[in-house]
Amino acid sequence: MATARRVPELRRSDLDLLMQKLHTHAGIRIDSTENVIAGTIQNRMTSLGLRDVDSYLSIFDDSISARAEWLALMDLLTVKETRFFRQPDAYKCLAHYVDELLGAGPAPSELSFWSAGCSYGQELYSMAMVVESAVSRSKPWLQWHGIGTDISFNAIHQAQRALYPEDAVRFIPAEYRERFMGYGQSEERIVAEAISARTHFFHSNLLHVDSAPFADFNIIFCQNTLIYFEREWQRWIIDQLVKRLRVGGMLILGAGEDVSWLGQNVRRLQWPGVCAYTKTGG
Ligand SMILES: C[S@@+](CC[C@H](N)C(=O)[O-])C[C@H]1O[C@@H](n2cnc3c(N)ncnc32)[C@H](O)[C@@H]1O
């Protein structure tokens, strides 16, 4: 007979210490309930073959194992909810922006975009479907590439597989779904090579974005990720994202995520329901 798993009794002081350290490492607030956190710790203890909480807590010194364990714990506790074309208006704004970019004056020699906090990849693939449609319509020779970054190794791994259940694919508008979602083995749908060959996913912590080797993007999406950071970090991250845009580039945050921020060299774009900015100089 299966025995019910025992959720460890976490002392309030231990829990506070763990959450405080997690906050220092990821800069994010963990909104999970104490029970969920305790259950997650129990899962880690089981995976590591540990029987008591003190042995688990003793891992968190300054060693390499401690850093690895922080990553494992963060991976389990971060909220990765996402879907294709999650905020449809943002993608209409993107389509309009790309059409204007390709239509006005000399065409750029290449086009690049970034999904920061990409979760399981749907955001980057949605951006890529919009971009590829616009490019193939008017400038089929133009090279484009997109990158997605996330703190979760598991999310990055899933994103790289480019496989999604039928249920997830229904959020993709029909014109893109028919063109860019093929059939994989079994019941899954696979992102077409025209998209997956030009999209790449990397593990990266937004708290260390100042040392990330990414720059000169035409478009950056950072949606539904900043909400987990403290306000000061939110502003710092947005400034860092803007630094990585080309002049004339566009940044789209989640609806209502502007945190009353207006940095230098940016102008808010008037697009109903979308929190979009363009970089005007610098
Ligand atoms: C709610 S999801 C949003 C996914 C997608 N952008 C969307 O709007 O559908 C938030 C993502 O942010 C990631 N995240 C949390 N903290 C992060 C950090 N410090 N650096 C990078 N990514 C982080 C999480 O792993 C998660 O995948």
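Start your tour by selecting Gly182, which sits in strand 4 (residues 181-183). Strands here are DSSP runs of E with at least two residues, helices are runs of H or I with at least four, and both are numbered from the N terminus. Before moving on, a word on what is on your screen: this is a predicted model, in which local features need pLDDT of at least 70 and side-chain atom pairs count only at pLDDT 80 or more, while totals for chains, interfaces and linings use all residues. Residues are numbered from 1 along each chain as its sequence is written.

**Around Gly182**

Contact means that the C-beta atoms of two residues, placed from the backbone, lie within 7 Å.

**The whole chain**

The protein chain has 11 helices and 10 strands. Its C-alpha atoms fill a box of roughly 65 × 50 × 35 Å along the principal axes. Of the 282 residues, 33% count as buried. Among contacts between residues at least 6 apart in sequence, 73% join residues at least 24 apart.

**Two domains**

Next, color residues 12-77 and 88-279 separately: these are domain 1 and domain 2. The bounds come from an automatic or database domain assignment. The centres of the two domains, taken over C-alpha atoms, are 31 Å apart. Where they meet, seven residues of domain 1 are in contact with 10 residues of domain 2. Helix 4 (residues 64-77) gives the most to the domain 1 side, with three residues. That side divides into four nonpolar, one polar and two charged residues. Here Ala, Val, Leu, Ile, Met, Phe, Trp, Tyr, Cys and Pro count as nonpolar, Asp, Glu, Lys and Arg as charged, and the others, Gly among them, as polar.

**A stop at Phe84**

Select Phe84, in the loop between helix 4 and helix 5 (88-103). Phe84 counts as buried because it has 21 C-beta neighbours inside 10 Å. Beyond its neighbours within four places in sequence, its contacts include Gln122, Tyr125, Ala168 and Phe171. Pro173 is 89 residues away along the chain, yet the C-alpha atoms of Phe84 and Pro173 are separated by 9.2 Å.

**The nonpolar core**

Which residues touch the most other members of the largest nonpolar core? Select Leu94, Ile220, Leu251 and Ile252, in a core of 57 residues. Helix 6 (residues 122-138) supplies the largest share of this core, eight residues. A core of this kind is a set of buried Ala, Val, Leu, Ile, Met, Phe, Trp, Tyr and Cys residues joined through C-beta atoms within 7 Å. Center on Ile220 and look for Phe113, Trp114 and Leu241, which are among its contacts beyond four places in sequence.

**The ligand and Asn224**

Now select the ligand. It is surrounded by 24 residues, and the closest are Thr82, Gly117, Ser119, Leu206 and Asn224. A residue is near a molecule if its C-beta atom, placed from the backbone, lies within 6 Å of it. This shell has nine nonpolar, 10 polar and five charged residues, and domain 1 and domain 2 each contribute at least three.

Stay with Asn224, in the loop between strand 7 and helix 11. Asn224 is partly exposed, because it has 19 C-beta neighbours inside 10 Å. Its phi is near 55°, a positive value in a residue other than glycine.

**Last stop: Asp216**

Finish at Asp216, in the loop between strand 6 (199-203) and strand 7 (217-222). Asp216 also has a positive phi, about 60°, although it is not a glycine. With 10 other C-beta atoms within 10 Å, Asp216 is exposed.

Methods. Buried ≥ 20, exposed ≤ 12 C-beta atoms within 10 Å, placed from the backbone.
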